[in-house]
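Have your viewer ready, and try each task before reading its solution.

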Amino acid sequence: MASPIRIALQKSGRLSEDSYQLFKACGIRFDYGTGKLKSVSSNFAAEFLFLRDDDIPGYVEDGVADLGIVGENVAVETGRHVTTVHRLGFSKCRLSIAIPRGEAYTDIRDLDGKNIATSYPRLLGTYLAEQGVSAAIHEISGSVEIAPSIGLAEAVCDIVSSGSTLLSNGLKEVETIFRSEAIMIAHPALPAEKQTLLDQLLFRINAVQAAKN
Ligand code: PRT
Ligand code: ZN
């Protein structure tokens, strides 16, 4: 039997359930949600690793995993050299800049010289450079939305889905800088036998997606 293709999935979070359901719909069985870090499929040459989403692009770049499912926001932010092989259509969200609700806002130039707190310094830095805006980026790893109320920054740049987190922190969205969804990433140079397994997997995923539409 071919050596299994190794697929890294988020252990526990917003991508986990939909990632599992995708493989299930493809007819690929494996143990999930048991707390184990690894699981071997009983009916497809695949082995699953359960990891934090932020670590997945690095594992795929290094070849520890052949494939992974992550938010495109994380794939781009980590700057790892991986190939996007499929867009999966779930976990849709956007990365947006927000400011306190009471502040006036005309356009992006209003952010010149301001402090912006974010967990996405690379994506934000690229966007500001494209717009010709010079602002100070403060990288923080969580609870970004409280930064303005504690005087850490005048603006934030964070993931938005429904908008209710911004609302409950007295913030308003003023710029959308990136639109994201879950994507399947692959090591850029898969050996031929793994590429064959990836092709079989993508064939099944396309069939599942076509049946939904
Ligand atoms: O533990 P681990 O590191 O694996 O997980 P994590 O906590 O870093 O990630 P997780 O599970 O929260 O998110 C995984 C991916 O889901 C993200 O990288 C995005 O691609 C996608 N996604 C979709 C979201 C959201 N929607 C989302 N709403 N990621 C985060 N949020 C957060 C956001 O940071 C903010 O705090 O939800 C809040 C905003 O939501 P609304 O609905 O109030 O606007
Ligand atoms: Zn994470």
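A polar contact here is a pair of N or O atoms within 3.5 Å. Keep in mind that the model is predicted.

**Exercise 1.** Find which side-chain N or O atoms lie 2.9 Å, 2.8 Å and 2.6 Å from oxygen atoms of ligand 1.

*Solution.* Start with Asp53: an N or O atom of its side chain is 2.9 Å from a ligand 1 oxygen. Next, take Asp54, where a polar side-chain atom and an oxygen of ligand 1 are 2.8 Å apart. Finish with Ser162, whose side chain places an N or O atom 2.6 Å from an oxygen of ligand 1. As for cover, ligand 1 taken alone exposes 840 Å², and the protein buries 78% of that.

**Exercise 2.** Work out where ligand 1 sits and which elements give two or more residues to its shell.

*Solution.* First, locate the largest pocket: ligand 1 sits there. Then look for the contributing elements, which are helix H3 (72–78), strand S9 (155–160) and helix H5 (164–168). Of these, S9 gives the most, with three residues.

**Exercise 3.** Describe the shell around ligand 1 by residue class and by domain.

*Solution.* Begin with the 21 surrounding residues; Arg52, Asn73, Ser162, Gly163 and Thr165 are the closest. Sorted by class, the shell has five nonpolar, ten polar and six charged residues. Lastly, domain 1 (5–91 + 181–212) and domain 2 (93–180) each supply at least three residues.

Methods
Residues are numbered from 1 along each chain as its sequence is written. Chains are lettered from A and ligands numbered from 1 in the order in which they are written. This is a predicted model: local features need pLDDT of at least 70, side-chain atom pairs count only at pLDDT 80 or more; totals for chains, interfaces and linings use all residues. Side-chain values use heavy atoms; hydrogens and water are left out. A residue is near a molecule or strand if one of its heavy atoms lies within 4 Å of it. A polar contact is a pair of N or O atoms within 3.5 Å; within protein, one must be able to donate a hydrogen and the other to accept it, and residues adjacent in sequence count only if both atoms are side-chain atoms. Accessible areas come from the Shrake-Rupley method with a 1.4 Å probe; for residues, only the protein chains shown count as cover. On a 1 Å grid over the protein atoms alone, a cavity is a set of points where a 1.4 Å probe fits but cannot get out, and a pocket is an open set with protein on both sides within 12 Å along at least five of seven lines; lining residues have an atom within 4 Å of a point. A molecule sits in a cavity or pocket if more than half of its atoms lie within 2 Å of its grid points. Helices (H or I, at least four residues) and strands (E, at least two) are DSSP runs, numbered from the N terminus. Ala, Val, Leu, Ile, Met, Phe, Trp, Tyr, Cys and Pro count as nonpolar, Asp, Glu, Lys and Arg as charged, and the others, Gly among them, as polar. Domain bounds come from an automatic or database domain assignment.
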